Amino acid sequence: PPSETDGPPGTFAIARAVAALGHNAIVVTETCNEAVFGAALKNLVLPEKSGSVSMEIFPPSFSDSDEARFTKLAKSSQLLIACERAGPGKDGICYTMRGIDMNAKGL
C-alpha cells in the first residue's frame with residue numbers, strides 16, 4: 001500500500017524535539033518507507049548538544065529474529081509514537097481520508 005504523505009515530516013519533527021530535549025529517538029518503520037524516511041533522517045538538523053535520531057527498518061512480515069529485535073526496542077523505549085499507514089479498502093484500493101484514490105494519484 002502507499003505510504004502516508006504527512007507521516008514522515010511529522011515523525012521527524014517529533015523525533016527532533018525529543019533529541020533537542022537530550023533524549024535518543026529511534027524511528028521504526030517498514031522497508032517500503034525506508035527511502036523517504038531515510039531522506040528525512042539524512043537532512044535532519046539537530047541542535048547542538050542534543051540527543052540522537054536513528055532509524056530501524058523492519059520487513060512487513062516478521063521473522064523470529066525481527067520479532068525479538070522489535071520486542072527489545074519496545075521494552076527499552078520510554079515513548080512510542082505510531083505513524084499510521086494506508087491500507088486497502090474492501091475494493092483493494094487505498095484512499096485518503098477524503099476518499100481520494102491514493103493509487104491513482106501515485107501517492
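The model is predicted, so local features need pLDDT of at least 70 and side-chain atom pairs count only at pLDDT 80 or more, while totals for chains, interfaces and linings use all residues. Residues are numbered from 1 along each chain as its sequence is written, and side-chain values use heavy atoms, with hydrogens and water left out.

Start with helix α1, residues 7-20. Helices (H or I, at least four residues) and strands (E, at least two) are DSSP runs, numbered from the N terminus. Helix α1 has 14 residues. The expected span of a helix is 1.5 Å times one less than its number of residues. For α1 that gives 20 Å, and the end C-alpha atoms are 20 Å apart, which agrees.

Which residues of α1 are buried? They are G7, P8, T11, F12, A15, V18 and A19. Buried means under 20% relative accessible area, exposed means over 50%, and partly exposed lies in between (1.4 Å probe, protein chains only). An α-helix has 3.6 residues a turn, so residues three or four places apart point the same way. The buried residues of α1 pack against β1 (25-30), α2 and β2. Contact here means heavy atoms within 4.5 Å.

After α1 comes G22, whose phi is positive, near 95 degrees. K49 also has a positive phi, near 55 degrees, and K49 is not a glycine. K49 lies in the loop between α2 (34-42) and β2. At 84% relative accessibility, K49 is exposed.

Now turn to the charges. Side chains of opposite charge can pair when their charged atoms come close. A salt bridge is a side-chain nitrogen of Lys or Arg within 4 Å of a carboxyl oxygen of Asp or Glu. The whole structure holds two salt bridges.

One joins E56 and R69, with the closest N and O atoms 2.5 Å apart. This pair links distant parts of the chain: E56 is in strand β2 (residues 53-58) and R69 is in helix α3 (residues 64-76), 13 residues apart. E56 is partly exposed at 25%, and R69 is partly exposed at 31%.

R69 also forms a salt bridge with D66, at 3.8 Å between the closest N and O atoms. R69 and D66 are three residues apart in helix α3, so about one helical turn separates them. D66 is buried, with a relative accessible area of 12%. Shared partners join E56, D66 and R69 into one network.
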